[in-house]
Amino acid sequence: MSPQPPGPELADAWTERFGDEVTTEETFGGLAVGVSPELWLDALTFARDDLSCGFFDWLTGVDELEDGFAVVVHVYSLERRHHLLIRTRVTKRAPVLATATGVYRGAGWHERETAEMFGILFEGHPNLVPLLLPDGFEGHPLRKDFVLAARVAKPWPGAKEPGESGHGAPSRRRVRPPGVPEGWGPNA
């Protein structure tokens, strides 16, 4: 049996509880709800307690460049068979959000990964230590402004343009890989 579409009653429940402070949008397979960072914990608690979304699926970040970072949570109701995507946005200069671990214990690992990869601080997290990257690693690799050094240190595999392989045809203008600033790397 496949999940039921969210229906207007789910969006109405959010509007009734939070009024104009939230946005709702039907998406494929669920309802997307946008909240301010101040309402983050209230929204997660409402989803768990009032909308029966007791199953925490995952949490991650999205680098939206000048708009800051979106933090997105997916939760599911096993009883009512609906899926919710709850999202908020924090600024790049102060990427701080309250931890969701008090509402969903399973959020701990996801917040550690998101903090490490995006540099978002989850205030109140019980153990916000690095999870995936080696000791001493500097930077946050999933930020769009992170320089991918491997693309500069060795040539990109496979010839994409005529002449890139070094055999035959004249070379076109060389294109730097995405994320690599001008004058950076071993040939600078």
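**Aromatic contacts and burial**

Phe18 has a relative accessibility of 4% and therefore counts as buried (under 20% relative accessible area; exposed is over 50% and partly exposed in between, with a 1.4 Å probe and protein chains only). The model is predicted, so local features require a pLDDT of at least 70 and side-chain atom pairs a pLDDT of 80 or more, whereas totals for chains, interfaces and linings use all residues. Residues are numbered from 1 along each chain as its sequence is written, and side-chain values use heavy atoms, with hydrogens and water left out.

The chain has 188 residues, and 36% of them are buried. Read from the N terminus, the order of the elements is α-β-β-α-β-β-β-β-α-β-α. Of the contacts (heavy atoms within 4.5 Å) between residues at least 6 apart in sequence, 53% join residues at least 24 apart.

Six aromatic pairs occur in the structure (ring centres of Phe, Tyr or Trp within 6.5 Å, the six-membered ring being used for Trp; planes under 30 degrees apart are stacked, over 60 edge-to-face, and the rest tilted). One of these is the edge-to-face pair of Trp14 and Phe46, with a centre-to-centre distance of 4.9 Å and an angle of 75° between the planes. Trp14 belongs to helix H1 (residues 7-18) and Phe46 to helix H2, so this pair ties together parts that lie 32 residues apart in sequence. Trp14 counts as buried because its relative accessibility is 0%. Phe46 is also buried, at a relative accessible area of 8%.

Phe46 forms a pair with Phe18 as well: the ring centres are 5.6 Å apart and the planes stand at 90°, so the pair is edge-to-face. Here too helix H1, which holds Phe18, is tied to helix H2, which holds Phe46, and the joined parts are 28 residues apart in sequence. Trp14, Phe18 and Phe46 together make up one aromatic cluster.

With residues up to four places away in sequence left out, Leu44 touches Val73, Ile86, Ala100, Val103 and Tyr104. Among these contacts, Val103 is 59 residues from Leu44 in sequence, while the C-alpha atoms of the two residues are 6.8 Å apart in space.

Two loop residues have a positive phi without being glycine. For Ser52, the value is about 60°, and this residue is placed in the loop between H2 and strand E3 (55-63). For Leu65, phi is about 55°, and the residue is found in the loop between E3 and strand E4 (69-77). Leu65 has a relative accessibility of 42% and therefore counts as partly exposed.

Technical notes: Helix = DSSP H or I, 4+ residues; strand = E, 2+ residues; numbered from the N terminus.
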